[in-house]
Amino acid sequence: MKASSRIWMDGALVPWEDAKIHVAAHVVHYGSSVFEGIRCYETASGPAVFCLEPHVRRLEDSCRIFRMPLSYSREELSRAILDTVGANGHRSCYIRPVVFRGVESFAVDHRKCPLHVAVITIEWGRYLGAEAIEQGVDVMVSSWRRMAPDTHPGMGKIGGNYVNSAFVVMEATDNGFAEGIALDVGGTLSEGSGENLFVVRDGVVLTPPLAASILGGVTRTVVLRLCRDLGIEVREMPIPREMLYVADEVFFTGTAAEITPVRSVDRVPVGAGRRGPITARLQEEFFGITAGRLPDRHGWLTPVPVLSGA
């Protein structure tokens with residue numbers, strides 16, 4: 001990871017090397033954090049953060065779910081994100097806001113521990129590889145399932161939840177795949193270790209519902225909107241595993257993964273074994289908007305102001 005020059009931490013921009021926490025911090029022991037993943041894209045008009053408002057809102061929602069009362073408003077958090085990108089002089093970057101519990105108690109109940117907020121920015125390319133956007137990736141269905149709705153709150157982007165994701169992706173990579181797909185507690189499709197899942201059959205785009213223990217992805221919402229814009233039928237519904245083997249197209253979405261086609265599942269080729277036309281059309285719209293080549297008709301891009309002295 002290439003260090004940036006500054007991190008925003010508890011209200012101030014500090015040097016990267018000074019943004020530290022204590023080994024006794026609650027978050028180290030129990031995963032008591034919530035976080036976001038956001039991208040800033042380079043456009044002809046300068047850097048712009050993609051879907052800033054829905055990301056900050058989801059951060060706030062995750063804090064509510066996990067009983068973390070934020071002392072910063074959405075406007076203050078948004079400003080902190082923009083200021084951090086500007087202070088580091090990024091043309092494009094990945095942004096990681098994180099809220100976590102510090103030092104006070106080793107009790108599992110984290111609420112007596114102080115709450116800290118940080119914003120980290122790094123330069124980061126394609127999550128699943130530069131070639132994956134066009135060529136697609138090979139994935140497997142994981143033996144690890146997503147949590148039941150009454151065990152972990154899947155709607156919260158909570159640090160501790162990602163232990164499950166780690167098992168999914170470790171199993172996949174150990175078996176020679178780029179990623180794993182998890183089933184939900186009922187055996188229907190859920191999502192990847194860090195991506196939402198879409199399946200295309202006969203021109204209809206299918207995606208698992210929130211009840212399938214998925215994270216309500218911001219990029220997922222963007223793709224649903226783009227499908228409607230393009231007149232593509234979309235259905236949010238429970239999807240059986242075997243649909244992966246008869247699908248015309250399968251693709252992942254996420255801030256890190258963006259829109260990444262899946263070319264095979266369990267070594268069974270998806271469709272023709274390459275990116276399909278609907279996936280390609282959605283990528284064309286998505287990357288056209290994020291690069292500023294197409295109109296930002298939904299107001300998804302927030303320009304990063306130039307900081308004096310940055």
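Q: To start inside, how many cavities of 30 Å³ or more does the structure hold?
A: Keep in mind that this is a predicted model. For cavities of 30 Å³ or more, the count is 1.

Q: Which strand gives the most to the lining of the largest cavity?
A: The lining is made up of I38, R39, Y41, F50, H55, T219, G254, T255, E258 and F286. By class, those residues split into 4 nonpolar, 4 polar and 2 charged. The top contributor covers residues 38-43 and supplies 3 residues, and that strand is β4.

Q: Are helices α6 and α8 roughly parallel or roughly perpendicular to each other?
A: α6 spans residues 218-229 and α8 spans residues 277-290, and their axes are 10 Å apart. The packing angle is about 115 degrees. Angles of 65 to 115 degrees fall in one class, so α6 and α8 are roughly perpendicular.

Q: How many charged residues are in the contact of α6 with α8?
A: The crossing of these two helices is right-handed. On the α6 side, the contact is made by T219, V222, V223, L226 and C227, while α8 brings L282, E285, F286 and I289. Sorted by class, the contact has 7 nonpolar and 1 polar residues, and the number of charged ones is 1.

Q: What about α2 and α3: how is α2 oriented relative to α3?
A: Helix α2 is residues 52-65 and helix α3 is residues 74-87, with axes 10 Å apart. They pack at an angle of about 120 degrees. That angle makes α2, relative to α3, oblique.

Q: How many charged residues does the contact of α2 with α3 have?
A: The crossing here is right-handed. L52, E53, V56, R57, L59 and E60 come from α2, and they meet R74, L77, S78, I81 and L82 in α3. Among these, 6 count as nonpolar and 1 as polar, and the charged count is 4.

Q: Moving to the open spaces, which element gives the most to the lining of the largest pocket?
A: This pocket has a volume of about 530 Å³. Of its 34 lining residues, K157, Y162, S193, G194 and E195 are the closest to its centre. Elements giving two or more residues are α2, β6 (93-101), α5 (162-174), β10 (189-192), α6 and β14 (249-254). With 4 residues, the one that gives the most is α5.

Q: How many polar residues are in the lining of the largest pocket?
A: Sorting the lining by class gives 12 nonpolar residues and 6 charged ones. The polar group comes to 16.

Q: Which elements give two or more residues to the lining of the second largest pocket?
A: About 380 Å³ of space lies in this pocket. Its lining has 16 residues, with R58, G216, G217, V218 and T221 lying nearest its centre. The elements that supply two or more residues are α2 and α6.

Q: How many charged residues does the lining of the second largest pocket have?
A: Sorted by class, 8 of the lining residues are nonpolar and 3 are polar. The charged ones number 5.

Q: Last stop, E123: how far apart in space are E123 and R39, C-alpha to C-alpha?
A: E123 sits in the loop between β7 (115-122) and α4 (132-135). Leaving out residues up to four places away in sequence, E123 touches K2, H90 and S92. R39, one of the residues lining the largest cavity, is 84 residues from E123 in sequence. In space, C-alpha to C-alpha, the separation is 9.8 Å.

Definitions and conventions: Residues numbered from 1 in each chain as written. Predicted model: local features only at pLDDT ≥ 70, side-chain atom pairs only at ≥ 80, totals over all residues. Heavy atoms only, no water. Axes fitted to C-alpha atoms, helices over the stretch in contact; angles between N-to-C directions. Parallel < 35°, antiparallel > 145°, perpendicular 65-115°, else oblique. Left-handed = near helix turned anticlockwise from the far one by under 90°. Contact = heavy atoms within 4.5 Å. Nonpolar A, V, L, I, M, F, W, Y, C, P; charged D, E, K, R; others polar. 1 Å grid on protein atoms, 1.4 Å probe; cavity = no way out; pocket = protein on both sides within 12 Å on 5 of 7 lines; lining within 4 Å. Points joined across faces, edges and corners; volume = space filled by probe spheres on them.
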